[in-house]
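Have the viewer open as you read.

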Amino acid sequence: MASQSQGIQQLLQAEKRAAEKVADARKRKARRLKQAKEEAQMEVEQYRREREQEFQSKQQAAMGSQGNLSAEVEQATRRQVQGMQSSQQRNRERVLAQLLGMVCDIRPQIHPNYRIAA
């Protein structure tokens, strides 16, 4: 009987050690999964930063050329506005004289569609 209880004790101890090894293996697996997840997240962030930087540089190149076009259009518009303003200043007196002449020069006439009632 003593040998049976000793055998049972050995089996219980072996089972306990096996359970500890399994628990330890699960902990290591969980740590490794967490570490792998963090590494993957870091890789994703690095890839995203690289792509964002590439996009920014391409956008800057495209917007730079559009910015030059925008500046050229704005400058051309300013030149046209200045030309119109100078033309307005030059012709102002002449146009006002014409308008006043037309308004003040009254020539009474019978309208061509007027019919004398018989």
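Let's start with Arg48, which is partly exposed at a relative accessible area of 45% (buried means under 20%, exposed over 50%, and partly exposed in between, using a 1.4 Å probe and protein chains only). What does the Arg48 side chain meet in a salt bridge? The partner is Glu45, at 3.2 Å from N to O. A salt bridge here is a side-chain nitrogen of Lys or Arg within 4 Å of a carboxyl oxygen of Asp or Glu. Glu45 is partly exposed too, with a relative accessible area of 27%. Both residues lie in helix α1, which covers residues 2-104, and they're three residues apart, about one turn of the helix.

Before going on, a word on the ground rules. This is a predicted model, so local features need pLDDT of at least 70 and side-chain atom pairs count only at pLDDT 80 or more, while totals for chains, interfaces and linings use all residues. Residues are numbered from 1 along each chain as its sequence is written, and side-chain values use heavy atoms, leaving out hydrogens and water.

Now move along to Arg51, whose salt bridge with Glu54 has its closest N and O atoms 2.9 Å apart. This pair also sits in helix α1 with a spacing of three residues, about one turn. Arg51 is partly exposed at 41% relative accessibility, and so is Glu54 at 34%. Lys58 joins in as well: Arg51, Glu54 and Lys58 are linked in a network of salt bridges.

Further on, Glu74 and Arg78 form a salt bridge with closest N and O atoms 2.5 Å apart. They're four residues apart in helix α1, again about one turn. Glu74 is partly exposed at 41% relative accessibility, whereas Arg78 counts as exposed at 52%. A search of the whole structure finds six salt bridges.

Zoom out, and the protein chain has one helix and zero strands (DSSP runs, with H or I of at least four residues for helices and E of at least two for strands, numbered from the N terminus). The C-alpha atoms fill a box of roughly 155 × 50 × 15 Å along the principal axes. Buried residues make up 0% of the 118 residues in the chain.
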